[in-house]
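Welcome, and please have your viewer ready. We will go from the whole chain down to a single residue, one selection at a time.

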Amino acid sequence: MKKKVLALSLTGLMALGGIASAPISVGAVGEGPNYGGNESIQTSILHTYDSMVDFLKTQDAKQTAMQLEVIGKTLKGREIYLAKYVSNPNNPTILFLTQQHGNEQLTTEGALEFIKHLGTGKMKGVLDNVNILVIPMLNADGAMGDVDFSLDDYVADGGRHLTRYNADGADLNRDHVDKKYPETQALHNNVLKKYKIDYMIDLHHQGTQSERDGKYVSGSLLYPTNKNVKPEVLERSKKLGAIVFNAVDSTGWGHLGKYDGGNGENIGRNGAAVQYDISTLLFEMRGMSDHYYESYAIGQKSNGYLIKQTITTLDASVRAIADGSIKTVDTSFWDTLPVQNTRPSGEETE
Ligand SMILES: [Zn+2]
């Protein structure tokens with residue numbers, strides 16, 4: 001089934017005259033060219049599920065402000081973790097969610113670094129004024145390639161394949177209305193419903209070929225777009241986006257576009273906003289850790305700045321919520337930020 005999709009999209013691209021002459025690794029953001037068949041994609045440098053759990057337990061033992069909780073299990077029985085920093089239930093609360101799609105792992109790597117960072121003491125005053133929830137690697141089965149379908153045509157090396165889908169081949173980021181899968185149920189029943197969450201950043205990776213103003217983007221952003229999102233929830237989402245945009249754009253290596261996303265409530269960005277009045281932001285970073293479609297996977301030379309982009313995003317968000325500056329940030333950049341141009345294959349989004 002996967003191969004058929006690949007064949008169709010390649011045919012579509014060739015029909016558009018895009019594939020044979022497309023510049024593959026010229027003009028990449030930062031130090032990182034995309035894969036293009038010239039660079040290996042090494043999954044061995046990424047945390048495995050088990051090494052991530054070890055990391056979280058080590059941090060939990062070290063950090064008094066942190067609490068580690070299991071919120072449920074994946075289809076294959078892996079425990080899904082939530083790292084919590086709740087100093088005062090009345091503080092504003094932000095949730096960072098990574099790896100609904102198992103092949104989008106650098107956001108998890110960044111989130112783990114951020115958790116370590118929270119234990120260093122530099123964030124002590126900040127943690128008094130904001131509650132932080134982090135779910136790293138929601139889709140651990142997909143991340144470990146432990147699924148009931150073949151990944152033989154995926155491109156990465158390193159002893160493991162990573163896939164977007166859960167073990168059953170389902171896209172968890174289309175399950176936020178039906179909530180058919182245990183991963184989605186854990187997120188909704190034991191986190192979204194249980195805590196009074198004000199903000200959420202849903203962290204993903206997109207393909208490598210998106211650009212803005214003729215230059216590859218390091219990522220793209222979008223607020224909830226479902227028509228049932230309350231205006232005040234939307235406005236706060238745009239403010240969260242402004243904080244992130246300003247922090248990343250000012251780094252010199254960050255270059256962001258606006259994501260062209262769907263309006264369905266079944267997408268997490270929309271579902272959390274409609275169902276719980278959570279102000280949400282989708283952040284799609286450049287390139288995936290593995291894929292059967294070569295141009296979606298990104299070489300490891302890009303790992304450094306993409307992990308840093310995640311840390312910058314999480315750090316700026318919590319600081320702006322803690323000091324209240326998020327309430328007054330100017331959101332007018334949304335009116336002029338161009339939608340990124342994306343190679344027209346049309347599959348595998350958000
Ligand atoms: Zn994704």
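Predicted model: local features only at pLDDT ≥ 70, side-chain atom pairs only at ≥ 80, totals over all residues.

What percentage of the 350 residues of the protein chain count as buried? The share is 51%. The average over the protein chain is 88, and 87% of the residues score at least 70.

Stop 1: Select residues 1-35. Here pLDDT stays under 50, and the model has 60 contacts beyond four places in sequence for this stretch.

**Stop 2: the whole fold.** Switch to a cartoon view, where you can pick out 10 helices and 10 strands. Now think about contacts between residues at least 6 apart in sequence: 78% of them join residues at least 24 apart.

**Stop 3: the sheet.** Select the strands of the open sheet, 8 in number, and follow them in the order β1-β2-β4-β3-β5-β10-β8-β9; their pairing is mixed. From one strand to the next, the twist averages 25°.

Zoom in on β3 (residues 93-98) and β5 (residues 199-206). These two strands run parallel and are joined by 5 bridges. To see one bridge pair, select L97 together with its partner in β5, D202.

**Stop 4: a helix on the sheet.** Next, select α6, residues 182-192. This helix packs on the sheet and touches β1, β2 (79-85), β3 and β4 (131-135). Its direction makes about 135° with that of β1. Show the side chains of E183, T184, A186, L187, H188, V191 and L192, which are buried residues of α6. What do the buried residues of α6 pack against? Their neighbours are β1, β2, β3 and β4, along with the helix α8 (268-276).

**Stop 5: E284.** Finally, centre the view on E284, which lies in strand β10 (residues 279-286). An unreviewed UniProt entry places the feature "active site" at this residue. Is E284 buried or exposed? E284 is buried, because 25 other C-beta atoms lie within 10 Å, and the cut-off for buried is 20 or more.

To view its surroundings, leave out residues up to four places away in sequence and select what E284 touches: H204, H205, Q206, G219, S220, Y259 and E350.

Definitions and conventions:
Residues numbered from 1 in each chain as written. Helix = DSSP H or I, 4+ residues; strand = E, 2+ residues; numbered from the N terminus. Buried ≥ 20, exposed ≤ 12 C-beta atoms within 10 Å, placed from the backbone. Contact = placed C-beta atoms within 7 Å. pLDDT = per-residue confidence, 0-100. Pairing = 2+ DSSP bridges. Axes fitted to C-alpha atoms, helices over the stretch in contact; angles between N-to-C directions. UniProt positions renumbered as here; feature names shortened; annotations may be inferred.
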